[in-house]
Amino acid sequence: MRALNVAERMPRVNTTRDPGAQSGHDDAPAGMIFISGGTFRMGSDRHYPEEAPVHRVTVDGFWIDQTPVTNRQFKEFVKATGHVTLAELIPDPKNYPGILPRMIYAGSLTFTPPNRSVDLRDYSQWWSFLKGADWRHPYGPGSNINALDNHPVVHVAFNDALAYAQWAGKSLPTEAEWEYAARGGLDGAEFAWGDELTPGGRHMANTWQGEFPLQNNNDDGFERTSPVTAFPPNGYGVHDMIGNVWEWTTDWYARKHEADAPKACCIPENPRGGREDGSYDPRTTNVRIPRKVIKGGSHLCAPNYCRRYRPAARHAEPVDTSTNHLGFRCIRRDASVASHTGGRRNV
C-alpha cells in the first residue's frame, strides 16, 4: 500500500479553531479544545526502548489547552496567588545528600551550547544549574521575558505546574491523554502531522536543525522558544504538542509500557502509568527524587540527538527539576466531559 501524504492523512476539522464549534458544544472553556474519547495505539516499536511496546489504550473525552501555558498566563497566576516557583527557592540540603555548600542556591537547569565538539553521552557539557535562572529570567539574571508573553513558560517544576492547574480549575494530563491529543487523529503516524518530518520542506514544529549541541541552523526560524501558535495545529486544532518545550504529565515514569491486552475486552481505560517507587533513577542512589513522564520534545531535539519530536516519545524528569525547555499544558475532566462521553469519567 502506498504511503499517504500529509493532506490525505489529516482528519477533517473545523478550520475556525473554535473549540465549541469543533466539538459540537457551545460550552467550551476558553482556549480549550474538546477531544472525543477513543482507542488508539500508544507508544512505538521503532525508536527508543522506553516507547515500546505499542499497545492499545482507551481514553475518555477531555478538554485540552489549545497551547502550552504561556508567560502571560503564568504571570496572571503568580499575581493572583503569590506563588513562588521551585527554581526561586534555595534547596534544602537534607534532600540532596553530599551536595557541596557552594551549590546550595536558587536556580534552574539552563542550556548553553559548547564551543567545541563534545561527547553526546555527557549532557553536563551543555546543561548547567544556573544561579538566578527562573521563569522570569530564562537565561539567568540578565535575561527577561518582556517580549515573550506568548511564549511557553519555562523553568517550572512539576509542583509549579500542578499548582497552576489547580488554580485554573484544571488538571495535568496523563501520558495516555497527552499522546492521544498529540496524535491529532493520526493513529500510528510517525509525527503529529503525518509520516514526514518536514512535508514539502515545511517545518511543522520548533526543533533543532544542525549538529546538536554545537550548531543550530535555525531553519525553522527560531533558536530558542517560539510563540505558541507559530506552527500549524494538529488535526485536533491543538498547537505545539511537538517541539518548542517538553510538557509535564501526571504519570510516574516506567522504563517501558505494559504489553498489549490479550483480548479486546481488556484494553486499559484511562491508564495512569507506572508506580512512584519504580520511577527513581537507578543511577542516583544517594538522591531519591521520583520522576514523572514528560512528552513532546523541545527546540533542543535534533536528528543527531534526542529524536523525541514525536507523539510516542517520552522521557523521565525528576519532579524537583526545572529547565529552560520544559513547560506544560492543562486539561479538564469535569461533569461536562462526562456528559459528552456518555457518562464515563476518569478517576
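Modeller: Gladly! Let's start with H155, which sits in the loop between β6 and α4 (158-167). Please keep in mind that this is a predicted model.

Biologist: What makes H155 buried or exposed?

Modeller: Buried means under 20% relative accessible area. H155 has a relative accessible area of 0%, so H155 is buried.

Biologist: Where does D240 lie, and is D240 buried or exposed?

Modeller: D240 belongs to the loop between α5 and β7. Its relative accessible area is 5%, and the cut-off for buried is under 20%, so D240 is buried.

Biologist: Which residues does P68 touch?

Modeller: D240 is one of them. Leaving out residues up to four places away in sequence, P68 also touches Q73, P152, V228, H239, E247, F328 and R329. Contact here means heavy atoms within 4.5 Å. P68 itself is in the loop between β4 (62-65) and α3 (71-81).

Biologist: Why does P68 count as buried?

Modeller: Its relative accessibility is 1%, and buried means under 20%, so P68 counts as buried. P68 and V238 are 170 residues apart in sequence, while their C-alpha atoms are 9.5 Å apart in space.

Biologist: Why is the pair of F212 and Y305 called stacked?

Modeller: There are 22 aromatic pairs in the model. For F212 and Y305, the ring centres are 4.9 Å apart and the planes stand at 5°. Centres within 6.5 Å make a pair, and planes under 30 degrees apart count as stacked, so this pair is stacked.

Biologist: Which parts does that pair tie together?

Modeller: F212 lies in the loop between α5 (175-183) and β7 (246-252), and Y305 in the loop between β8 (291-295) and β9 (314-318), so the pair ties together parts that are 93 residues apart in sequence.

Biologist: What is the peptide bond from F212 to P213 like?

Modeller: Most peptide bonds are trans. The bond from F212 to P213 is cis, with omega near -5°. The bond from A52 to P53 is also cis, with omega near -10°. P53 is placed in the loop between β2 (38-42) and β3, and P213 in the loop between α5 and β7.

Biologist: How do you know that K292 lies over the face of W252?

Modeller: K292 is at 3.5 Å from the ring centre of W252 and lies over its face; the distance limit is within 6 Å.

Biologist: Why are β9 and β10 said to stand at the edges?

Modeller: Their sheet is open, with 4 strands in the order β9-β8-β7-β10 and mixed pairing. β9 and β10 (326-327) each have a single partner strand, so one side of each is left without a neighbour in the sheet.

Biologist: What makes β8 and β9 a pair?

Modeller: Two strands pair if there are at least two bridges between them. β8 and β9 have 5 bridges, in the antiparallel sense. Within this pair, V293 stands opposite A316 in β9.

Biologist: How do you know that β5 is mostly covered?

Modeller: Strand β5 (residues 107-111) has 5 residues, and 4 of them are buried. β5 also pairs with β6 (residues 127-131) in the antiparallel sense over 5 bridges, and the bridge partner of F111 in β6 is W127.

Biologist: How many cavities are there, and which residues are closest to the centre of the largest?

Modeller: The count is 2 cavities of 30 Å³ or more. Of its 13 lining residues, W193, M204, P232, D240 and M241 are the closest to its centre.

Technical notes. Residues numbered from 1 in each chain as written. Predicted model: local features only at pLDDT ≥ 70, side-chain atom pairs only at ≥ 80, totals over all residues. Heavy atoms only, no water. Helix = DSSP H or I, 4+ residues; strand = E, 2+ residues; numbered from the N terminus. Buried < 20%, exposed > 50% of the residue type's maximum accessible area, 1.4 Å probe, protein only. Phe/Tyr/Trp six-rings, centres within 6.5 Å; stacked < 30°, edge-to-face > 60°. Lys NZ or Arg CZ within 6 Å of the ring centre and 35° of its normal. 1 Å grid on protein atoms, 1.4 Å probe; cavity = no way out; pocket = protein on both sides within 12 Å on 5 of 7 lines; lining within 4 Å. Points joined across faces, edges and corners; volume = space filled by probe spheres on them.
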